[in-house]
Structure formats: C-alpha cells, structure tokens
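Visitor: I am new to this structure and would like a close look at a single part of it, taken slowly.

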Amino acid sequence: MADRAWIVDSVGATAFSRLADGLTGSALQSLLLEVMHARAEARCASELVDQYGRDPFCAPSAIDLRAMLAIDAQLLGAAERFEAVELSPVAPMGACSVVGPSHQNRVLSALRSTEVVSDPTNVLALECSLRMRASSAADVHLATSHRVLRAQPFPRQPGYAQHFRLFALGSGGVERKDHAFTVEAVVLHVRTMLAGLLRLEQLGYSLHRPRVEVLVSAEKRQLGSRIADILSADLQSLEHPYYSGGLRYRIWVPAPDGGELPLADGGVFDWLGQLSSNRRAVFIGSGLGSQLIALRFARQSAT
C-alpha cells in the first residue's frame with residue numbers, strides 16, 4: 001500500500017483501520033450499501049450512458065450470442081462424464097485470493113461479502129468441497145461455462161477483453177494409491193477438452209492438430225511422466241507457482257492467422273486440502289478460452 005498512501009490519507013488512518021478490520025461484516029456491509037445508495041441517487045441518466053460507452057467492464061461481448069451458445073453446447077456435449085452446473089455471477093469474497101496466490105485487486109470486489117466471479121475453477125473447487133463434505137468417498141466431476149470478469153488490464157490483442165467466456169472443468173476426490181485419482185482426473189480433463197475441440201472443428205472452427213504439453217515440478221517428475229506417456233504429450237518443467245499440486249497441462253492449437261495459442265490450461269491444486277483440512281483431498285481444475293475460439297478460430301463455414 002506504500003504507493004497508495006492517499007487511500008488511507010483520504011479518510012485517516014484510524015477510520016481506515018476501522019473500515020478494514022474494526023467493523024463486523026454486517027456493519028461494514030450496511031455502511032457501504034448506504035454509501036452506494038447515496039452515490040447512485042446523485043447520478044443522472046446521461047452519466048449512465050457515458051459510463052456504459054467507455055467502461056470496458058460494462059461493454060457487451062463482441063461475440064454473437066448464438067455462436068457462443070453453439071460453442072457451449074458442443075463443449076458440454078463432450079463433457080458427458082461431468083455434471084453440468086450453472087454458477088452464480090458472484091462468489092464469496094476471497095474465492096481466488098484466499099486459497100491461491102491471486103491478489104484481491106485482480107477481481108471486482110462487490111458488497112455483501114462477495115466478488116464477481118473471475119475464475120470459475122475456484123468456484124468449482126468450493127462446490128466440490130461442499131459435495132465431498134456430504135460424501136467423502138465419492139469423486140466429483142463438474143463442468144460449466146461462465147462469463148468471467150477480471151479487474152487487471154487486459155492485453156490489447158484480438159480476442160481479449162475485460163470480461164469473457166470460459167469453459168471450465170473441476171474434479172475433486174481423495175487421493176488413492178499411486179496417485180490414481182490425479183492420473184485419472186488429469187487424463188479425463190485433457191481428453192474431454194480434446195473431444196470438445198474436435199466437435200468444434202466439425203462445427204466449422206479451425207482447431208486441427210492440437211498439441212498437449214504436460215509441465216511438472218521436479219518432485220512430481222515421475223507422476224508427470226506417467227500422464228505424459230498416457231496422453232502422448234510433451235513433458236516440460238513447471239515454473240509457475242500457481243499450480244500448487246506441482247502439475248499443469250496446456251493444449252496448444254495453431255491459429256489460422258499465425259502462431260500457436262494455448263487454448264486449454266489446467267492442473268493440480270491443493271485448494272481442496274485447504275478448504276476441507278484433508279491433505280489427501282485433490283482438486284484438478286481446467287479452463288478453455290471458448291470466447292477466444294469464436295474470435296480467432298472461426299472459418300467461413302462456422303455458424
């Protein structure tokens with residue numbers, strides 16, 4: 001906060017401290033709701049139009065809704081071993097920053113102890129945790145398609161926006177002998193994503209020759225080799241700390257306009273262990289840039 005000292009100075013250190021941790025959640029919520037009510041009452045209609053025209057948080061998607069729904073239908077059709085769920089637009093405050101290394105400033109924090117969903121895989125982990133609490137012996141496999149919103153600046157490149165649609169898979173279970181659950185779930189995720197890309201290619205999108213890459217930390221090298229062998233994938237070293245389970249995969253696809261893009265990305269996380277206090281609980285989360293497919297991989301025949 002050193003470079004944002006004006007925030008504390010604007011209300012005073014004592015008041016800021018009380019707002020940050022001195023009030024109960026319900027008291028802070030009531031205070032902020034009253035502030036937002038007063039600010040909303042002070043706005044005029046022309047301000048709404050002006051903000052709607054310039055604020056990337058509010059702009060509609062560049063993708064035709066029918067095209068996006070057709071993509072969702074094919075991806076969900078490929079995920080036949082996953083229960084399809086539709087998530088709420090909001091998640092509990094800290095859904096990303098509490099269990100993962102993401103900073104809270106990267107999401108759009110809301111009132112009532114919530115935040116706008118910025119990554120559906122984190123929310124699927126919460127859902128897996130609840131279901132496993134009810135039946136710890138049962139593996140959970142969930143799929144969703146969700147429009148997410150992220151607060152950090154987005155790349156000024158075709159296909160990127162402040163909010164966009166993601167197709168996501170989440171699997172939770174208690175680890176079995178020889179990492180059997182992890183191996184089965186990662187392979188299931190990769191094959192489901194590949195099946196979805198094949199369906200979309202048949203729909204008219206240019207998604208031929210996908211390449212699978214498995215990235216693994218030094219201590220999980222043997223596990224990564226097993227999964228790479230099953231998938232006939234390239235094996236690389238994992239450097240990204242976000243994948244707390246030490247294993248990540250990516251599916252690369254040649255783009256029609258040149259280059260190669262990682263359309264699908266997933267891995268193993270310790271989030272369920274944190275959420276359930278069971279160190280043997282494992283979560284595998286995956287995401288696929290469905291909006292990117294619509295923008296960058298459409299052929300003339302795509303509908």
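Visitor: Which residue in β9 does Trp-252 stand opposite?

Guide: In this predicted model, local features need pLDDT of at least 70 and side-chain atom pairs count only at pLDDT 80 or more, while totals for chains, interfaces and linings use all residues. Residues are numbered from 1 along each chain as its sequence is written, and side-chain values use heavy atoms, without hydrogens or water.

The residue opposite Trp-252 is Pro-262 in β9. Strand β9 (residues 260–269) runs antiparallel to strand β8 (residues 247–254), and seven bridges join them; strands are DSSP E runs of at least two residues, helices H or I runs of at least four, and two strands pair with at least two bridges. Both belong to an open sheet of eight strands with mixed pairing, ordered β1-β4-β5-β10-β9-β8-β6-β7. At its edges stand β1 (83–84) and β7 (234–237), and because each has a single partner strand, one side of each is left without a neighbour in the sheet.

Helix α5 (residues 65–78) packs on this sheet, touching β1, β4 (140–149), β5 and β10 (281–288), where contact means heavy atoms within 4.5 Å.

Within strand β5 (residues 163–174) lies Ser-171, which is buried, with a relative accessible area of 0% (buried is under 20%, with a 1.4 Å probe and protein chains only). Beyond residues up to four places away in sequence, Ser-171 touches, among others, Phe-82, Cys-128, Val-140, His-189 and Phe-283.

Definitions and conventions. Buried means under 20% relative accessible area, exposed over 50%, partly exposed in between (1.4 Å probe, protein chains only). Axes are lines fitted to C-alpha atoms, for helices over the stretch in contact, and angles run from 0 to 180 degrees between N-to-C directions.
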